[in-house]
Structures are given as structure tokens and as C-alpha cells.
Amino acid sequence: MKKIFIVYRKELLDVLRDKRTLRTTILIPTLLMPFILFVIIKVQVLVGEHNDQKVMRLFWLNDNKGNVLEKSLQNDSMIKIKYCNNIQQIKDSIKAEKADAGLFTSADFSSRMDSNLTSKVSIFYNSKDDVFKNRLISKLEIIKMPLVQQRLVRLNLSEEKITPFKIEEHDIASTQEMFGKYFGGFLPYIFILYSFMGCMMLTVDLFTGEKERGTIETLLTSPVNRLQIMFGKIGVAVTGATLTAILSISGILLFVKLFGSSDIPVEMIKVIGQIFTPIFIAKVIIMLLPLTVFFSGILVPVATYAKNYREATSIIAPFNFLVIFPAMIAMMPGVKLNLITSLIPITNVALCTKNMVAGDNVGIYWWLTFASLLVYGSLAVIFSYRQFSDEQNILR
Amino acid sequence: MISVQSLTKIFPAKNNFFFKKKSETAEMLSRANSVDNISFECKPGRIFSLLGPNGAGKTTALRMISTLLKPSSGKIIVANLDVEEFPTQVRSKIGFLTGSTGLYARLTANEMVKYFADLNGLDDATFKNRKNELFTLLGVHEFANKRIGTLSTGMKQKVSIVRTMIHNPEVVVFDEPTSGLDVITAANIIELIRHCKAQNKTVIFSSHIMEEVNLLCDDLAIMHNGKILFNDTMEKFRAEHGSHSLTEAFIETVQKN
């Protein structure tokens, strides 16, 4: 145990002095990623505001002139109507981005309105950017409401008589559950990915780097066995990867706290505070530890085999998909935490965290996740040890 | 003392991380570095040299002595310990030095030496005395707190020597220790080898430079294609080859076989 600690202490000091490792494991997750997220949110808000304030260029057929819709829309300062002669011209203008939307009503629109019949209104838009479609539909709904009322008066009907039932929605989900639904899958995806990246960088530096720098022979001829060396090194990789994951979440939370108040509703910020309790954080870290051991366990054989950093990263590249895919499964709708999913590595951590974010009681599934990861982590370490002990790999 | 008895090493061929199948190239490479039934003995207070061309199997033999590789067959005894039965104990008795310094660039000389002293289980007092003695002898004090990555090759080699000798090993293994070094740095190594002999340590070193061997060694084994072609004292080798220069004698021995 003492020798494991000696190796651990030295390796920790060594990686803490490596700028490349520090950049990947500390600087990027803590500052850069949250900053990028912040910029993305800010840009989205600005683009949304810009679109809301932009006057809509609406193409209108000359044949449809003079009906009630045209008159109402003409009075809207946020809409500028342009006239054209055929539908093809509307479509071409939208495609060429000369128009934001187009509208076409049947020729007998007004007469059908007068006869209390239903008229057809066709709208044209490009679904690449449906902001204007939504705005146009909202405007048409507003115009439709008084027309319906007028028709009811004319027919001497009350609204109740033509409404067999009304649907009232009562969403019993708390804000926290809503938050869990939308962001619960995203958060574990981020920290699982970061812990893998951190683990990868450190494992390659600690194992392949030792070979590349020519220090492996020196170390292996000292009175410390290979298991002790491997445990010391894996210890550093696990510490670094867990730290990276924690920092990636802390970074996002820090940015929310410092800069999010203007763009994120106060209630949401309050919920974030309620979610990230010490117990929540402890439960996530405890799950992350065997997960990072598992990551290390699958990366050590590659890092031991590779002659240099370049070879190691090229062999490890496909492993990224093996991590991303199970983490993404948890973001899919309908995928729930159960007896089976709690035994699937990576997916189980993502689902457990997602449920915990939503405030659900994960109970037995958390223990199943933790226990299964311990088993997978141990198996991966045993496999690693076999590869690390293989003299053909280590002195390749 | 080192006793090598009927030592053989065969490397199984391996050529890909995902698909481990045999290939002709891998087979050829493994044969080039193998060792074929060799025996020799290195005695305390004498310098034993393994001489041979590249790929002769010298490094493989030294790696087996240092417990880095496991023999396919045969026996190695180092300081009265069987290397296969007691590898950790054997490693605490040996110092291993190669031409490539094998140092951690991000550590200081002090940290590097302390790390290996800790791995060797040295107590604080012994470590301080030993470090002070070696640092003074080699003039390491002035750059002891500088990161190794910033040191010159000569300085690095001095740190490497301290690292090798910090636990005062009974047996010292030098694998082509002067390879790639300038004359002055190489002279430090030669001085160290002589110093080890004077301290009655068992010294084995590999080389392909005849002049170096002539300068230092007491006993000599010439290796080629994994086999030992000559194994006796240096005096006998000189006597056998009379008027020939030693380099010519070495080439003649290798070509004859």
C-alpha cells in the first residue's frame, strides 16, 4: 500500500506540472465549456429577440386582395405585405429569402365567410426557419377569434352550445421535474464525457508517456511490483477524471450563478440550487469513482500497448463512441431506469443522475448502478493488469 | 554476483492490438532479439562485459537479469536470489542504467532521487547521507532543484547515476550506458563503472564499442544471434588474438560464427 501511495504521489505531482494535462482536465471543463455554453445561450437569446423585432415580409397573391385577413394584417406594424401574381412566385421568393412567409386564400374567401362557411387559408414557409410561420399562425389565431364571436352572434349561438367539452391541463410536475426532463440527460452526458476525456489524457500520459519518455525500464527495475505501479497510476487517472467531471458541472453552475440571472428565470436558478445539494453531489461522485476506474481499466491496455502518444490516441479514438452511445441512450425519451438499464455501464450513471436531477427517488437502482460499476471496474482492472504484466506490451 | 545458467528467451510474435496474429516480420524481429542457451558468471569486484553487434541479444539478456523480462528457460541468480522466485528482492539489489537517461522531465533532480529512494525503502537519514555523498561526488547540488527537462544531457546523466546508485546496489547493470553521449558525459559513466568495481560491486555492462570494453572490463562475453561465441577473461581474449587489434579480433570472432 505504501508503495502504491509513493507512485500515486509522484504521478500526481508529475501530471500537475504538465500544462497539456492541466489544460484538458482543469481549464477546459471549468472555464471553456461553460463559457461556450454561455455564448451559445446568449446568441440564441439575441437571435430570438432579433427575429421578434424583425418586420415579416409576407407575400400575398394579388387575387386575394381586399379580404378581411389582408386588412387586419395590413394594420400590423410588424408585417409588411408584398404582392405577387402566383403561388410559384411566393415559393421562389421564400426560397431566395426575399420573403419570410406567404399567404394564399381561396378566391371565394369573403363570400364563404359571409355565408358562415369554412374557408381555406394556405401559408407558405421554410421549415429551416419556422419563427415566421409561428408568428403568422399566432396573428391569424388572433384575427380568427373576433370572427368566430361575430359568427356566433349572427347565428344566435352561445360558445357553450358548440363546445361539447373543454380541456383543462393540470401539470403536476414540479419545476425540478421539468428541469430533470429537459436537462437531466444533458448534465450526465457532459460529465461522463469529461470524465472519459480526463481519464484518457491521464492514462495515456501515465502509461504511454512513461514508455515514450524511456522511463519505464527505470521504474520496472525498482523494487515495486507491476500491480503497485498500475494501482498508483490508475489512482491518479481516477482522481483526475473525477475532478474533471466535477469541475465541468461546477463550471456550468458557476456561470449560471454569475451570468445566468439575466437569461434564466429566477425560479429555475432556485431549482438548480435545490438540486445540487451535498447529498446529490456525494451520490454522483460515489458513482463516478467506479465509473472512472472502469474507464481507466479499458484504457490502460491500449496505453500500455501503444509506443507513443499518437498511436495511443489513434487506437483510443473508436472508444469514444463506446462511451458516447450509452450516455446518449439516457437522453432518449422513454428510456427509464430499471433493473436492466441500471446494470448497463455508463447508461446507468446517466439515467441515475437524470432521475436524481428530476428529484426522483432512485433508491435500489443507485445501489445496483454502484455495485455493477464496481464489478465492471474490477474486471477492467484485472484485464488491465494482465496487459500491463505482458512484457511484450510494456517493452514494445 | 550474477550467475546465468542455460538462459533462453523466445518472444512469441505479436503484431496488432486488436488482432494478435503471427506475421513474418514479427517472427523475424522476435528471433533477432532472442537469447539462445547462454551461461556466464559475473563476480563481485570485477567488470563483466557483454559485447556484440546490434540485435545480438545483449539487451534481452540484461533485461532478464534485471527482471524486466522472464526467461523462457534457464536460471538466473543475482546476489544469491533466483530472479524468477524473488523479483522484487532482486530489484532492490540492483541498479540499472542505460544510455537514455530515463528521467522524469517534470521533476527536479531532488524529487527524482527521492522517488527512487522511497521505492527502495530508504529511511530518511540513510537517504540524506547517501544523496549528499553522491551529489557532492558528481556536483549535482547546484542544479538539484531545477526541473530535469531544463538540464543539459551531461547533467541529466549525473542525475541518472545518482538515481541508479541511491540505494547502494550490490549489482549494477549498464545497458549500453555511453550510447549517444558526448565524450565528457561518457567519461562520467566510465568513472562510475570503475568506482563500482572499487567498491567490490558486481558490474555487468553491454556495449558494441571495443575500445570501451578494452578500457574497463575484466571478463568478456561476445554475443551474436543470441549465442555466446566467447566467454572468458579479457586477458585471455587479448592473448588469443595476439597481433590483431581488438576491434579486428571482435569482428573476426563474430564473422567466424
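Author: Local features need pLDDT of at least 70 and side-chain atom pairs count only at pLDDT 80 or more, while totals for chains, interfaces and linings use all residues. Residues are numbered from 1 along each chain as its sequence is written, chains are lettered from A in the order in which they are written, and side-chain values use heavy atoms, with hydrogens and water left out.

Reader: What makes helix α1 of chain B the part where confidence is lowest?

Author: On pLDDT, the predictor's confidence in each residue from 0 to 100, helix α1 (residues 24-32) of chain B has a mean of 53, whereas helix α4 (residues 109-119) of chain B is highest at 93. Chain B averages 84. Where pLDDT is low, the predicted coordinates should not be read in detail.

Reader: Why is the meeting of A:D205 and B:R106 called a salt bridge?

Author: The term requires a side-chain nitrogen of Lys or Arg within 4 Å of a carboxyl oxygen of Asp or Glu; the side chains of A:D205 and B:R106 meet at 2.9 Å, N to O, so the pair qualifies. The count between chain B and chain A is seven salt bridges.

Reader: Which element of chain B gives the most to the side that touches chain A?

Author: That is α4(B), with five residues, where a helix is a DSSP run (H or I) of at least four residues. In contact, meaning heavy atoms within 4.5 Å, are 35 residues from chain B and 36 residues from chain A.

Key: Helices (H or I, at least four residues) and strands (E, at least two) are DSSP runs, numbered from the N terminus.
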